[in-house]
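Student: I have a structure open and would like to talk through its side-chain interactions. May we go through them one at a time?

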Amino acid sequence: DPQQVPDAWKTPLAVMCQEGQPGMFGHPVVEKLLDFKWQRFGKTYFVGTQLYFAFLLCIFSAGFLDNPSDCTLAKTVLQAATGIIAVITLIIMLFLISKQVSQGHVMLCSVGRFEVPVPRLMTNFWQFFRLVSCMMIVANTAMGPCFDFLDQTLNEDKMRSKRILKSVTALLLFMQLFQALILSERLSALIYTVGVLFTEVWRNLFIVCMIMLSFGAALTALEMQNYDNVGTSVWNLAKMTLMVDTPGVDEMEPFGVVLIVAYIVISIIGMLSILIAQLNLAYETISKDKSGYAKMNRAYVCIEVESSLSMSYRNRIFNELGFDNPLDFDNGDQGPPGGVQVMEPASIRAHPKYCPDRIQRSTGSSLPTDPWPSMAGTTDEKEG
């Protein structure tokens, strides 16, 4: 009831999203609740948001990525429109953030020994990426060739900074398209699987970097050609790992060749074999939870949308469910209120594991003065 729990982030479904496990979202009750919220308001808001940012991505691509140095009238209009939409989006997001802070809808995030209150909107990394992307779009518009009136000098360092900023902005905008995969449960589960597997890859990569640094320092101490400092040595080992423009070993000292061979055996052969084994084990573990994670991700979107809805709209949705009305077990046989009725398909009775209900229900009044219904006929039929 929204009157009893006005904060949407304290509802049972929200608590499950923050504290629960993905397997919990396979329960029939949770699935029914999630499906209702998703169909009632979550899906509409989510699709609308995706279309809005897809439109922003399209005009950014047309204005900044397609012949960016061309300052024709059409190009100038596209860049200006992109900047204006980004500013409007920033204002809306900052308004929602300030509203959440004023209402106390924050989450304490640990930063070292301190706990920093963060608005719940910013705890979603997709929303954080959107906020940063809009800021970068505004910066791209202000620093673009069509609007950079303050500084018209085109030195190489400035042009390189602009290109890097535009490249990072495009990367963040296109990466946000992955969130649209929530619409498909299978694709969302696949993204979850890939994300967990990449965690294992990054751990393995960290160890490879440590090995690369150690062997790079050892090769630098030999004072050989192409290995005159640690940075150059590590870079050559990285090219050797990626098999791109690898330096020759013909003029190297014998001990240097031994170090190179040892690095190849440990880093490329050994760590690659360990990584493959880790990925196989991790995939077997997470394959059971990927469907639950996809539902949990969808539930998180629903809670995020519900927290932005007005209290009157939430009350209207709650009243539409009719929790005060008793549920009918059968015609003329009323049950208790406080639930949502789901019909059981008749085909389930033919399942080999189906167990008939042990509770025998009879219609009519339940006054103690009335005689109990006779069950003799039913018992004889069962015995026969």
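Student: Where does Glu31 stand, buried or exposed or partly exposed?
Tutor: This is a predicted model. In it, Glu31 is partly exposed, with a relative accessible area of 32%.

Student: And which residue does the side chain of Glu31 meet in a salt bridge?
Tutor: The partner is Lys295, and the N to O distance in this salt bridge is 2.4 Å. Glu31 lies in helix 2 (residues 28–65) and Lys295 in helix 10 (residues 290–308), so the pair ties together parts that are 264 residues apart in sequence.

Student: Is Lys295 buried or exposed?
Tutor: Lys295 counts as buried, because its relative accessibility is 16% and the cut-off for buried is under 20%.

Student: How many salt bridges does a search of the whole structure find?
Tutor: The search finds three. One of them is the pair of Glu31 and Lys295. Another is formed by the side chains of Lys37 and Glu306, at 2.9 Å from N to O. This pair also links distant parts of the chain, with Lys37 in helix 2 and Glu306 in helix 10, 269 residues apart.

Student: What else does Glu306 form a salt bridge with?
Tutor: Glu306 forms a salt bridge with Arg314, where the closest N and O atoms are 3.7 Å apart.

Student: Changing topic to aromatics: how many aromatic pairs turn up in the whole structure?
Tutor: A search finds five aromatic pairs. Among them is the pair of Trp38 and Phe46, with ring centres 5.9 Å apart and planes at 50°, so this pair is tilted. Both Trp38 and Phe46 are buried.

Student: What about the rings of Tyr52 and Phe53?
Tutor: Their centres are 5.3 Å apart and their planes stand at 85°, so the pair is edge-to-face. Tyr52 is partly exposed, at 33% relative accessible area, whereas Phe53 is buried, at 12%.

Student: Which charged residues sit over the rings of Phe53 and Trp38?
Tutor: Over the ring of Phe53 sits the charged end of Arg130, 4.6 Å from the ring centre. Over the face of Trp38 lies Arg298, at 4.6 Å from the ring centre.

Student: Back to Tyr52: which nonpolar patch on the surface includes it?
Tutor: Tyr52 forms a nonpolar patch on the surface together with Ile84, Ile88, Ile92, Phe95 and Leu96. The accessible area of these residues together is about 550 Å².

Student: Which helix gives the most to that patch?
Tutor: Helix 3 (residues 73–103) does, with five residues.

Student: And Phe95, where does it lie, and is it buried or exposed?
Tutor: Phe95 lies in helix 3. Phe95 is exposed, because its relative accessible area is 52% and the cut-off for exposed is over 50%.

Student: How far apart are Val15 and Ile303?
Tutor: Val15 and Ile303 are 288 residues apart in sequence, and their C-alpha atoms are 10.0 Å apart in space.

Student: One more residue: where is Thr232?
Tutor: Thr232 is in helix 8 (residues 230–242). It is partly exposed, at 27% relative accessible area.

Student: Finally, what does the chain as a whole look like in secondary structure and burial?
Tutor: The chain has twelve helices and four strands. Of its 384 residues, 33% count as buried. The accessible surface comes to about 24,500 Å², and 64% of this belongs to carbon and sulfur atoms.

Student: What share of the contacts with a separation of 6 or more comes from residues 24 or more positions apart?
Tutor: Such residues account for 66% of those contacts.

Notes:
Residues numbered from 1 in each chain as written. Predicted model: local features only at pLDDT ≥ 70, side-chain atom pairs only at ≥ 80, totals over all residues. Heavy atoms only, no water. Patch = residues over 30% accessible without salt bridge, like charges linked within 9 Å, V, L, I, M, F, W, Y side chains within 5 Å. Areas by Shrake-Rupley, 256 points an atom, 1.4 Å probe, with all protein chains shown as cover. Salt bridge = Lys/Arg side-chain N within 4 Å of Asp/Glu carboxyl O. Helix = DSSP H or I, 4+ residues; strand = E, 2+ residues; numbered from the N terminus. Buried < 20%, exposed > 50% of the residue type's maximum accessible area, 1.4 Å probe, protein only. Phe/Tyr/Trp six-rings, centres within 6.5 Å; stacked < 30°, edge-to-face > 60°. Lys NZ or Arg CZ within 6 Å of the ring centre and 35° of its normal. Contact = heavy atoms within 4.5 Å.
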